[in-house]
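Please keep the sequence and the structure in view while reading.

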Amino acid sequence: MTALAERQAVEVGPPQRRGVRFIVSHPKVLAGIGILTLFAFLAVAQPLLEATVWARQPQLYDAEFGFDSSIAHPSAPSAAHWLGTSSLGRDVFAMLLHATRPTLLVALSAALSIGVVSVLFGSIAAFRRGWADGFISHLSDAMVLLPAMLAVFVLGISRSDEEFGALHVGLTFGVLYGLGPATATVRAAAMTVVAKPFMDAARVAGGGGFWIVSRHVLPHLYPHAAVQAMIGATGAIIADAFLSFRSAVGEDVGFGQMVYDGLVWSEFLAGIAATPWWIMLAGAGGITLLAAAFYLVGVGLREALDPRSEHHERS
Amino acid sequence: MTQALSERRPQVPWFVSFLGRRLAWALITLFIFLTAVFFFMQIWVPYSWATQFMQGGFGAFDAARRAAGLDRPLPEQYAEFMVGLVQGDLGTSFNGGEVIDIIREALPVTLTVFIAGTAIGWIAGELLGRFGSWNRGPFSGSVMATLGVLSATIFPPFLVFLLVHWLREPLLAFREVLGLPTDSLDLWRGAVTGEPGALQPGDVRWFVALSLTAAVVAALIVRSYARRHQLPLVEGLALPGMVVAMGLGIWLSGLGPHAVDLLYRVDISVSTGRGSPALAMFGVVLISFGQVMLLMRAGMDAERSEDYVLTGRAKGLSERAVRDRHVARNVISPVLAGSFLTFPTVLAGMIIVEFELEMRGLSRVLFDAIEFQDIPVIMGVMVVLGLMGVGFRLVTDVTIAALDPRQRRGRA
């Protein structure tokens, strides 16, 4: 990304020795962590609910095969079905819980692979310089042009979950996004780090390449990689949701599939009954809230790390 | 000293060497991009057009592979792909048609939506971020953050549903207000079937886009001339005046109403459908403005504590001058650079929006090709998207260099 991203990286600045508490106190980071906690709770809530509240009628609240024969479907939210039911008679709240875990897996695997790939290539480029840097910076410029989301669609549309599941989506997206925008940003940050005087001091002290990189370069890159990982994970969540939206067949349960169900029935029921907002909102809300959680943490982190931001003045 | 230097060296305008370097960069990047696309499609993607013949046994599968030329060694296919590209040949679809023809048919819609959508989205985000940082109400910060995050994370198919649900009727009503002609479809059909060389919708869009660009460039030149010669009135009116004059000219020439009418068309042969280019543009604006707004606001917030802001105020500059002339100008180029990195996300969002609106653009071509495992077409679409990206990047670079002289030199 060269000159462009270097300016971008300067915006973030070096990591401050302010500790975790300082970063977490940023309102955006705080909001993001709050939403993530909610989803983590949702992910573990299903077995708990099945063991307690839903224990008497498990067939009603099965996310995949549940059916309530006492009412017509899709039905609006009620005491029995907190978020209503889908067109196939499944409980929307149970579907929401069921869909949370694979989506979290997509987001976390994408975030992790973005972090690893960008730190690896960014530090190699900055430390080795020369042809390695030339190659990596051109490669990352080229990969910015190849949207990871579209690559996921090319690989994943019209293939079943067994062939191309949550982990595949996360890792594919993570590697491609990691090589593109994330490496461009982290490399630019690494360039400013290796130009610092303490690098010369480390060399004079007789440190080997690996020691210098792991002790003196990488710690400065982790925050930048974390920002990229969090913002990138947003795209992975939306890509996964669109896959689920496009291949919405059978018993598969996903956020995107819930939106699809609502869309189809709103067209089907147009003029006959009210739009089944509950199922669409549950699906779209799940996607956007989860994506927003990652995005907020990423953006908040970037703002908190900027040494000129007001967050520093306030604390 | 400077006099002596400039005498020794012949003066080359900065943008000649700058553009030269950027074009060299673009060529190398494109080469790597195309190589990456080729090997991604050939190695990473597990299916090919021949996969569908698997059920016919391996004899049928092998025959299909041979027929499509997929059994040749990879380097040979790669060389053919690259040589074909240099000659402007994107290969042949597995369904028989030339890929370049398929794409040429779909490109105008997508390009119009993308260029207009991202440009409006960028300007809206920039302005909102700029004013939001300066004029703070009690809730403006959290409202803007919420809007920005929503724009960056909304699920595009759901956004499309909301757009169709709420915006389709008002848009159609606005059409009545404008009094647009309804015969533009017939007009162009007649032009297509009738005289050769007559105006076609694609040409009209190009005409409008190119003439608007020319007007803006001319206005910028007039503006910089006026600034150098201390003519504040001319400077202030140059840009809006030029755009208004241009728009009026296009409208009065009779082209304008027909061109705007095209914004309501899903496709030249289909006049009904859920979407229209105008609706898609609105969708692209909504998914692209948020990230720019957040970047701009964060940048302005950080910059306003710098010393020169205090100096400007102490000097008696108006708040507007401090904001627009000094702070915003420092923030814009990193924001431009940062928003280029969001290009893949916005592009993918646009593809989904366009597809969900059932428009006959590149997204339709792409998703149809994925369904039929038509690899040459998928590759063709990726190549075109890459070219769009490079063009977008060059525009970004030139804009940054024009705004910030420090960026004109340095490594390419």
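## The contact between chains A and B

The contact draws 52 residues from chain A and 46 residues from chain B, where two residues are in contact if their C-beta atoms, placed from the backbone, lie within 7 Å. This is a predicted model, in which local features need pLDDT of at least 70 and side-chain atom pairs count only at pLDDT 80 or more, while totals for chains, interfaces and linings use all residues. Residues are numbered from 1 along each chain as its sequence is written, and chains are lettered from A, with ligands numbered from 1, in the order in which they are written.

## The chain A side

Among the elements that give two or more residues to the side of chain A that touches chain B are helix H1 (2-12), helix H7 (166-194), helix H9 (209-246) and helix H11 (277-305) of chain A; helices (H or I, at least four residues) are DSSP runs, numbered from the N terminus. H11(A) gives the most to this side, with 10 residues.

By residue class, the side of chain A that touches chain B divides into 34 nonpolar (Ala, Val, Leu, Ile, Met, Phe, Trp, Tyr, Cys and Pro), 10 polar (the others, Gly among them) and eight charged residues (Asp, Glu, Lys and Arg).

## Two loop residues with positive phi

Arg129(A), in the loop between helix H4 (92-128) and H5 of chain A, has phi near 50°, a positive value in a residue other than glycine. Arg129(A) counts as exposed (12 or fewer other C-beta atoms within 10 Å of its own, all placed from the backbone) because it has 12 C-beta neighbours inside 10 Å.

Glu358(B), in the loop between helix H15 (343-356) and helix H16 (362-371) of chain B, has phi near 60°, likewise a positive value in a residue other than glycine. With 17 C-beta neighbours inside 10 Å, Glu358(B) counts as partly exposed, the class between exposed and buried (20 or more).
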